[in-house]
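This briefing is intended for a reader with the sequence and the coordinates at hand. The points below are grouped by topic.

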Amino acid sequence: MLLTVILLGSCAGQAPASATPDVNAIMTDSVGTFVASFFQTQTAMVTPATPTPLNTPTFIPTSTPLLLPSAVASPTYVFLATSVYLSPTGTQYTATANPSTLASGCNNLSLVRTDLDPDSSNYAPEQRFTVSWKVANTGTCEWTQRYSVVYASGDKLTTGTVSPNNPIPVGKWTTLSLSMKAPQDTGTYTGYWRLSDGAGHAFGATLGVTIVVKKPANTAIPPTTYP
């Protein structure tokens, strides 16, 4: 193209009387026009890039809220306590019922202690012994000599009875003793007595006794020795 421009310029007719054109300026303009045309052509030939749409964000489905079970009512526990009083029997204390539930009218009795004479874990058949009950007047009436100890249940180790030697005021204590006899047969025996007001109304804690009857071991006779 540059050569064509030069040839056209050389073959042209005589120019009117004017200043001689600057070849370098012409070439510069021609080259600029060519370059501009070239870039325009290249630009037209290039396929414009199609913008790629961005992926539409996919929202994660909202999780279903965890449903907690309805609150269960806490169970209510009710504890029923029964009043228990400790009454000594021998050298150990044993639980007895609440003395207030054993009353008869204004009369009531609490067992303090039980003693045996002789105090032994085993008795020989038909051996005699004495049981003593230390008792307290926990009622609201005085005990008189009309009151007496009567058989209630169990093994009847005696047919006797006993009454207070003197009137026992409210809040005081006394000792009631009965003479008894062990049965002939071996074994364990338990009997119960109660204090009565003389009109057939037994009241207060039960007066009990337990013994064990065993035959004594045979005593070996040492052999006779001769000189």
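Between which two strands does the loop that holds T159 lie? T159 is found in the loop between β5 (148-154) and β6 (173-181). The model is a predicted one, and the mean pLDDT of the protein chain is 73, with 52% of its residues reaching 70 or more.

**Confidence of the model**

- Over residues 71-97, pLDDT stays under 50, and the model has 28 contacts beyond four places in sequence for this stretch.
- Where pLDDT is low, the predicted coordinates should not be read in detail.

- T159 is exposed, because its relative accessible area of 78% lies over the 50% cut-off.
- T159 and M180 are separated by 21 residues in sequence, and their C-alpha atoms are 8.3 Å apart in space.

- Nine bridges join β4 and β6 in the antiparallel sense.
- S132 stands opposite S177, a residue of β6.

**The sheet β5-β7-β8**

- Another open sheet of three strands has the order β5-β7-β8, again with antiparallel pairing.
- β5 and β8 (202-213) are the edge strands, and each pairs on one side only.
- Neighbouring strands here are turned by 30 degrees against each other on average, direction ignored.
- β5 and β7 run antiparallel and are joined by six bridges; S148 has S196 in β7 as its bridge partner.
- β7 (residues 187-196) and β8 pair in the antiparallel sense over nine bridges.
- Y189 stands opposite I211 in β8, and the bridge partner of Y192 in β8 is G208.
- The hairpin of β7 and β8 has five residues between the strands, and in this hairpin G198 takes a positive phi near 90 degrees.

- Most residues other than glycine have a negative phi, and most peptide bonds are trans.
- The peptide bond from D117 to P118 is cis, with omega near 0 degrees.
- P118 lies in the loop between β3 (109-117) and β4 (128-137).
- E126 is found in the loop between β3 and β4 as well, and its phi is near 65 degrees, a positive value in a residue other than glycine.
- With a relative accessible area of 41%, E126 is partly exposed.

**The disulfide**

- How many disulfides does the model contain? The count comes to one disulfide.
- The disulfide joins C106 to C141, with an S to S distance of 1.5 Å.
- C106 lies in the loop between β2 (92-96) and β3, and C141 in the loop between β4 and β5, so the pair ties together parts that are 35 residues apart in sequence.
- The torsion about the S-S bond of C106 and C141 is about -110 degrees, and therefore the disulfide is left-handed.
- C106 counts as partly exposed, at 29% relative accessibility.

**Aromatic pairs**

- Five aromatic pairs are found in a search of the whole structure.
- In the pair of Y123 and F129, the ring centres are 5.0 Å apart and the planes stand at 35 degrees, so the pair is tilted.
- Y123 is buried, with a relative accessible area of 1%, and F129 is buried, with a value of 2%.
- The rings of W133 and W193 have their centres 6.0 Å apart and their planes at 40 degrees, so this pair is tilted.
- This pair links distant parts of the chain, since W133 belongs to strand β4 and W193 to strand β7, 60 residues apart.
- Are W133 and W193 buried or exposed? W133 is buried, with a relative accessible area of 0%, and W193 is buried with a relative accessible area of 0%.
- W133, Y151 and W193 are linked into a cluster by ring pairs.

Methods: Residues are numbered from 1 along each chain as its sequence is written. This is a predicted model: local features need pLDDT of at least 70, side-chain atom pairs count only at pLDDT 80 or more; totals for chains, interfaces and linings use all residues. Side-chain values use heavy atoms; hydrogens and water are left out. Helices (H or I, at least four residues) and strands (E, at least two) are DSSP runs, numbered from the N terminus. Buried means under 20% relative accessible area, exposed over 50%, partly exposed in between (1.4 Å probe, protein chains only). Two strands pair if DSSP finds at least two bridges between them. Axes are lines fitted to C-alpha atoms, for helices over the stretch in contact, and angles run from 0 to 180 degrees between N-to-C directions. pLDDT is the predictor's confidence in each residue, from 0 to 100. Contact means heavy atoms within 4.5 Å. A disulfide is a pair of cysteine sulfur atoms within 2.5 Å. Rings of Phe, Tyr and Trp (its six-membered ring) pair if their centres lie within 6.5 Å; planes under 30 degrees apart count as stacked, over 60 as edge-to-face and the rest as tilted.
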